[in-house]
Amino acid sequence: MSEVGVEEGWSTPYPLGFQVSLTTVLILELVLGFSSNLTVLVLYCAQSNLVDSVSNLVTVNLHVLDILVCVLCLPLTVAVILLPANENGVSSLATLCCFHEACVTFTSVATAVNVLVISLDRYDISVRPASRLLTPRRAALLLATVWALSLAVFFLPFLEGDFFSSRNRTLLCVGGQGYYTGLAMYYHLLLQVPCFFIAVAVMLFTYSRILQALNIRIGSHMMRSTQPQSSFPHSLPHASVSAIIALRRAVRRHRDRRERQRRVLKMSLIIISTFLGCWAPLSAVNVLILCMGPSDSLVRLRLCFLAMAYGTTIFHPLLYAFTRQKLRRALKTRVKKRVVSLLQVDPAPSGGTVIHNSWVEGGGKRKNRKSRVEASDGTDRCLTEAVRE
């Protein structure tokens, strides 16, 4: 395949409407993604007990990656859209394109591998909870390998474009007929496509096995629960109150466990759908570029789908962090302390009293807790009267 010069086409900018709309979406993703991931990291750093397992460690690693994507990759994409070069700026735009393609390759590969690691961790903790293969030491080595691989693929576009030589080339920037069509210029695309499909295959396998494990456990628990329920009316007159209370608590724990299992299954399906929805269009365009060669329309479409892929920086905190009960509790505690400090009155001259807001400080929670205890006592009385009869 031949190579074509690029000098005459660099002055062709993107349409103004395309620039404004796509830049607005990218800036919105940058602000929301950076703020949400930074909030998660601050909560993890403030609460040392949050990073106490392999699952939390791999999740924190994903949020660190998302912050790097928001700080480094998103601004470069905005610059590629807004800064078309004239004939005197060919080399500067070529350098910008090389850095942009390097960041896109880094984001694509690192996100796919990190999501794959999280899928393996959830498979390990769900299918092999007693004897986990992913120990903290192995997880640290695995994450170090992930970062080494991600940083290695970052330099691939520079090697393709002869960045370190005097004859610098450009990669996938709009330039009329100025694209290089040699396959050697697009090995970084050839690397991104299998990484995406491998990640999807591993996610489907791991979450399907998790689904099987959950079904087996739910079925076994239901079979066990039918035995005490059938014999409960016959054994009620002879059972003690403490045994009945213990049985009631066991049934409640069983229902809570089944509800948690359903919630995990639902979140697993949402995670797979989100990853496919954000990254599948970009991978499809990469395949088209590899098969048909680059063109202005494909490059513009690729930028649109790249903006969709950046949306994972917003979805990851919602799917992997704020679904954790410990993190939500830590966030509520910090917000509550902040609100209390704002509502707290400075010491008055009369005696330095402080006005407290009972609703903010948890008065409602104590009232709920009291009513919950009263309801429990009423239930125990009903059980006691049933035994006496």
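This short talk goes through the annotated spans, the cysteines and the aromatic pairs of one predicted model.

Residues are numbered from 1 along each chain as its sequence is written. Because the model is predicted, local features need pLDDT of at least 70 and side-chain atom pairs count only at pLDDT 80 or more, while totals for chains, interfaces and linings use all residues, and side-chain values use heavy atoms, with hydrogens and water left out.

Let me start with the record: an unreviewed UniProt entry annotates transmembrane regions, among them residues 139-159 and 300-322, and such annotations may be inferred rather than shown by experiment. In the model, residues 139-159 are 95% helix and 0% strand, with end C-alpha atoms 31 Å apart, whereas residues 300-322 are 91% helix, with their ends 34 Å apart.

Turning to cysteines, the structure holds zero disulfides, a disulfide being a pair of cysteine sulfur atoms within 2.5 Å. Cysteine 278 is buried at 7% relative accessibility, where buried means under 20% relative accessible area, exposed over 50% and partly exposed in between, with a 1.4 Å probe and protein chains only.

Now the rings: there are seven aromatic pairs in the whole structure, counted for Phe, Tyr and Trp (its six-membered ring) when centres lie within 6.5 Å, with planes under 30 degrees apart called stacked, over 60 edge-to-face and the rest tilted. Phenylalanine 106 and tryptophan 147 have centres 6.4 Å apart and planes at 35°, so this pair is tilted. Phenylalanine 106 is buried at 8%, while tryptophan 147 is partly exposed at 21%. Phenylalanine 154 and phenylalanine 155, by contrast, pair edge-to-face at 5.4 Å and 90°.

Key: Helices (H or I, at least four residues) and strands (E, at least two) are DSSP runs, numbered from the N terminus.
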